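This briefing is meant for a reader who is meeting the structure for the first time. It begins with the chain as a whole and then turns to its parts, one topic at a time.

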Amino acid sequence: MEFLWFALIGICAGWLAGQFTKGSGFGLVGDLVVGVIGALLGGFAFRLLGIVAYGLLGQLIVATIGAMLLLALLRAVRRQ
């Protein structure tokens, strides 16, 4: 059940990150996949910084920030 919530939060975060970082995107499905991977990245980065997110909203914020970072990184690599 936890995996299902993680996937749903990641998908929502990917969609939000795609909306916040307009430009040449990866399409809806690509942004959703990046959102799930970005949720992992965001959780890892926030844990390294000692920041803990509580509740569904906190997890969504962390996942969205991670997805935005990953989208920015992928777009920078894609341009080169």
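**Overview of the chain**

Of the 80 residues in the protein chain, 31% are buried. The model described here is a predicted one, and its protein chain contains three helices and zero strands. Read along the sequence, these elements give the pattern α-α-α. The radius of gyration of the protein chain is 12 Å, close to the 12 Å that the globule rule gives for 80 residues, so the chain is as compact as a globular protein of that length.

**Dimensions, contacts and surface**

- Taken along the principal axes, the box filled by the C-alpha atoms of the protein chain is roughly 35 × 25 × 20 Å.

**Helix α1**

- Helix α1 covers residues 2-20, and its 19 residues should span 27 Å at 1.5 Å a residue, which agrees with the 26 Å that separate its end C-alpha atoms.
- The buried residues of α1 are Ala7, Ile9, Gly10, Ala13, Gly14, Ala17 and Gly18, and they pack against α2, which is residues 27-49, and against α3, which is residues 55-79.
- Gln19 also belongs to α1, but this residue is partly exposed, with a relative accessible area of 35%, a value that falls between the 20% below which a residue is called buried and the 50% above which a residue is called exposed.
- Between Gln19 and Asp31, which are 12 residues apart along the chain, the C-alpha separation is 9.5 Å.

**Helix α2 and Gly42**

- Gly42 is found in helix α2, where this residue is buried, with a relative accessible area of 1%, and buried here means under 20%.
- When its neighbours within four places in sequence are left aside, Gly42 is in contact with Val62 and Gly66, and both of those residues are listed among the buried residues of α3.
- Gly42 and Gly58 are 16 residues apart in sequence, and their C-alpha atoms are 11 Å apart in space.

**Helix α3**

- For α3, with 25 residues, a span of 36 Å should result at 1.5 Å a residue, and this agrees with its end C-alpha atoms, which are 36 Å apart.
- Buried in α3 are Gly58, Val62, Ala63, Thr64, Gly66, Ala67, Leu70, Leu71 and Arg75.
- The cover over these buried residues of α3 includes α1 and α2.

**The largest pocket**

- The largest pocket has a volume of about 400 Å³, and of the 15 residues that line this pocket, the closest to its centre are Phe6, Ala39, Gly43, Arg47 and Gln59.
- Two or more residues of the lining are given by each of α1, α2 and α3.
- The most is given by α2, which supplies five residues to the lining of the largest pocket.

Technical notes: Residues numbered from 1 in each chain as written. Predicted model: local features only at pLDDT ≥ 70, side-chain atom pairs only at ≥ 80, totals over all residues. Heavy atoms only, no water. Helix = DSSP H or I, 4+ residues; strand = E, 2+ residues; numbered from the N terminus. Buried < 20%, exposed > 50% of the residue type's maximum accessible area, 1.4 Å probe, protein only. Expected span 1.5 Å × (residues − 1). Contact = heavy atoms within 4.5 Å. Rg over C-alpha atoms; globule rule 2.2 N^0.38 Å. 1 Å grid on protein atoms, 1.4 Å probe; cavity = no way out; pocket = protein on both sides within 12 Å on 5 of 7 lines; lining within 4 Å. Points joined across faces, edges and corners; volume = space filled by probe spheres on them.
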